[in-house]
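Let's take a walk through this protein together, with the structure open beside the text. We'll go from charged pairs to the nonpolar inside, and then out to a few loops.

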Amino acid sequence: MSFFHNESLRKKLYDYIKRKINSGELKPGDPINQKEIFEELNISRTPYRDCMIQLESEGLVRIIPCKGVVVRELSIDEVMEAQEVGAALEGMAYELAFYNARERCIPKLTELIAKAEKCFRDNEPIVQDLNMEFHLVVFEQCPNRGLVEQLVKMRERIYDFPQRALLPLLKWEKVFWQEHRRQVEILKNGTPSEFGRYTRDVHWKVQGREEYWETLLSVRPGTVKQYFERRRAYCEQERENSL
């Protein structure tokens with residue numbers, strides 16, 4: 001079997017597993033049924049193994065030696081750390097994309113904002129993909145494609161696997177779209193550094209939005225605050241130890 005054929009099968013399986021996790025059909029802790037996959041997709045062990053290694057590297061599954069593969073659940077620590085990295089990466093991507101986005105994207109971004117605001121006015125459900133589309137419009141103008149690739153994977157891992165219902169988050173969705181409107185204003189009248197800084201420090205911030213993250217992740221109230229308290233205590237202890 002050729003390398004290119006194996007690569008095609010690996011990609012087919014990769015998309016298949018991600019769809020099942022995204023839809024909630026495969027939940028955290030569920031095993032990946034190797035026999036079912038071999039029969040349904042008609043693939044061999046080599047593309048299966050390569051796919052599982054890739055999914056593990058992205059944090060979607062965990063390979064347990066001699067037992068198999070299970071879907072992973074991110075801990076609150078992992079999500080908060082990924083959020084901080086995502087904020088830095090997206091701020092950089094927006095700054096790099098600024099001039100291209102100013103020239104090419106303002107009408108499309110304005111159109112997406114209008115769609116979201118119409119949903120809010122009409123009390124209609126708003127799809128999560130609409131928010132991601134706003135970000136992707138800007139990402140497409142970033143000249144650093146490696147940066148964008150890592151950022152998209154990180155956003156997917158935090159927000160889409162599995163994809164959550166937006167109704168409990170409606171209050172926060174309105175806030176985020178108000179911030180999108182501010183981003184377009186900065187794109188029209190601001191500077192690259194202002195565009196990146198607003199995205200990093202305001203649009204991605206956690207403090208004051210603990211309720212959003214706790215609802216998104218289905219964890220107890222106070223969990224996010226406790227994470228930052230633990231980290232602050234650790235840093236203070238490290239500082240004392242260094243004296």
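This is a predicted model: local features need pLDDT of at least 70, side-chain atom pairs count only at pLDDT 80 or more; totals for chains, interfaces and linings use all residues.

A salt bridge, as the word is used here, is a side-chain nitrogen of Lys or Arg within 4 Å of a carboxyl oxygen of Asp or Glu. Residues are numbered from 1 along each chain as its sequence is written, and side-chain values use heavy atoms, with hydrogens and water left out.

Now for the charged pairs. The structure has 21 salt bridges, and one of them joins the side chains of Arg155 and Glu90, with 3.1 Å from N to O. What does this pair tie together? Arg155 sits in helix 7 (residues 145–159) and Glu90 in helix 4 (residues 76–104), so the bridge links parts that are 65 residues apart in sequence. (Helices here are DSSP runs of H or I with at least four residues, strands are runs of E with at least two, and both are numbered from the N terminus.) Both Arg155 and Glu90 are buried. Buried means under 20% relative accessible area, exposed means over 50%, and partly exposed is in between, using a 1.4 Å probe and protein chains only.

Stay in helix 7 for another pair. Lys153 makes a salt bridge with Glu149, and their closest N and O atoms are 3.5 Å apart. These two are four residues apart in the helix, which means that about one helical turn separates them. Lys153 is partly exposed at 28% relative accessible area, and Glu149 is partly exposed too, at 43%. Elsewhere, salt bridges that share partners join Lys108, Glu111, Lys115 and Glu133 into one network.

Next, look inside. A nonpolar core is a set of buried Ala, Val, Leu, Ile, Met, Phe, Trp, Tyr and Cys residues joined through side-chain atoms within 4.5 Å. The largest one here has 32 residues, and among those with the most contacts inside it are Leu109, Phe139 and Trp177. Which elements give two or more residues to this core? They are helix 4, helix 5 (106–121), helix 6 (128–139), helix 7, helix 8 (170–189) and helix 9 (192–203). Helix 5 provides the largest share, seven residues.

Finally, the loops. Arg209 lies in the one between helix 9 and helix 10, yet Arg209 is buried, with a relative accessible area of 5%. Setting aside neighbours within four places in sequence, Arg209 is in contact (heavy atoms within 4.5 Å) with Trp172, Val175, Phe176, Glu179, Val202 and His203.

Two other loop residues have a positive phi without being glycine. Asn42, with phi near 55°, is in the loop between helix 2 (34–41) and helix 3 (45–57), and Asn42 is exposed at 66% relative accessible area. Ser218 has a phi of about 55° and belongs to the loop between helix 10 (210–217) and helix 11 (223–242). At 65% relative accessibility, Ser218 is exposed as well.
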